Amino acid sequence: MQDDPSRAMEARKGSPFLTTRQAAHYLGLSYRTLEKMRLTGHGPRFRKHGRYVRYHIADLDAWSEGERRTSTSDRGEAR
């Protein structure tokens, strides 16, 4: 399995916009989880390009940073 920096470099080779499947792979989630998070509003920011959903790598990184916890009981900030 690739480490985080190499996954990021691989994703950044092309466009900074990723499909749902690419974004899920980048975050280490299933694409179905990312789709459900999009529906509930608890996932990373996304953009609509016509009928297509795209995730910008900077938005994925920002969301991931906001999910940082210090323990399993840490709920993070209120949403």
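Over the face of which ring does Arg38 lie, and at what distance from the ring centre? Arg38 lies over the face of Phe46, at 5.7 Å from the ring centre. The structure is a predicted model. This report covers its rings, its sheet and the surroundings of one histidine.

**Rings and charges**

Arg21 is likewise placed over a ring: the face of Tyr31, with 3.7 Å to the ring centre. The two placements are set out below.

| Charged residue | Ring | Distance to ring centre |
|---|---|---|
| Arg21 | Tyr31 | 3.7 Å |
| Arg38 | Phe46 | 5.7 Å |

Phe46 also takes part in a pairing of rings. The count of aromatic pairs comes to 1. Its members are Phe46 and Tyr55, whose ring centres are 6.2 Å apart; the planes stand at 55°, so the pair counts as tilted. As for accessibility, Phe46 is partly exposed, because its relative value is 36%. Tyr55 has a relative accessibility of 1% and so counts as buried.

**The sheet**

Three strands make up an open sheet, in the order β1-β3-β2, with antiparallel pairing. The edges are taken by β1 (17-18) and β2 (47-49); each has a single partner strand, so one side of each lacks a neighbour in the sheet. Helix α4 (residues 57-66) packs on this sheet and touches β1, β2 and β3. The direction of α4 makes about 65° with that of β3.

Between β1 and β3, which run antiparallel, there are 2 bridges. Phe17 stands opposite His56 in β3, and Leu18 has Tyr55 in β3 as its bridge partner. Tyr55 is thus a residue of the ring pair with Phe46 as well as a bridge partner in the sheet.

On the other pairing, β2 and β3 are joined in the antiparallel sense over 3 bridges. Here Arg47 stands opposite Arg54 in β3. The hairpin of β2 and β3 has 2 residues between the strands, and Gly50 in it takes a positive phi near 65°.

**Around His56**

Is His56 buried or exposed? His56 counts as buried, because its relative accessibility is 18% and the limit for buried is under 20%. This residue lies in strand β3 (residues 52-56). Leaving aside residues up to four places away in sequence, His56 touches Pro16, Phe17 and Arg47. Of these, Phe17 is the residue that stands opposite His56, while Arg47 stands opposite Arg54.

A polar atom of the His56 side chain lies 3.1 Å from the backbone nitrogen of Ala58. His56 and Leu18 are 38 residues apart in sequence, yet their C-alpha atoms are 6.3 Å apart in space.

How values were computed
Residues are numbered from 1 along each chain as its sequence is written. This is a predicted model: local features need pLDDT of at least 70, side-chain atom pairs count only at pLDDT 80 or more; totals for chains, interfaces and linings use all residues. Side-chain values use heavy atoms; hydrogens and water are left out. Rings of Phe, Tyr and Trp (its six-membered ring) pair if their centres lie within 6.5 Å; planes under 30 degrees apart count as stacked, over 60 as edge-to-face and the rest as tilted. Buried means under 20% relative accessible area, exposed over 50%, partly exposed in between (1.4 Å probe, protein chains only). A charge sits over a ring if NZ of Lys or CZ of Arg is within 6 Å of the ring centre and within 35 degrees of the ring normal. Helices (H or I, at least four residues) and strands (E, at least two) are DSSP runs, numbered from the N terminus. A polar contact is a pair of N or O atoms within 3.5 Å; within protein, one must be able to donate a hydrogen and the other to accept it, and residues adjacent in sequence count only if both atoms are side-chain atoms. Contact means heavy atoms within 4.5 Å. Two strands pair if DSSP finds at least two bridges between them. Axes are lines fitted to C-alpha atoms, for helices over the stretch in contact, and angles run from 0 to 180 degrees between N-to-C directions.
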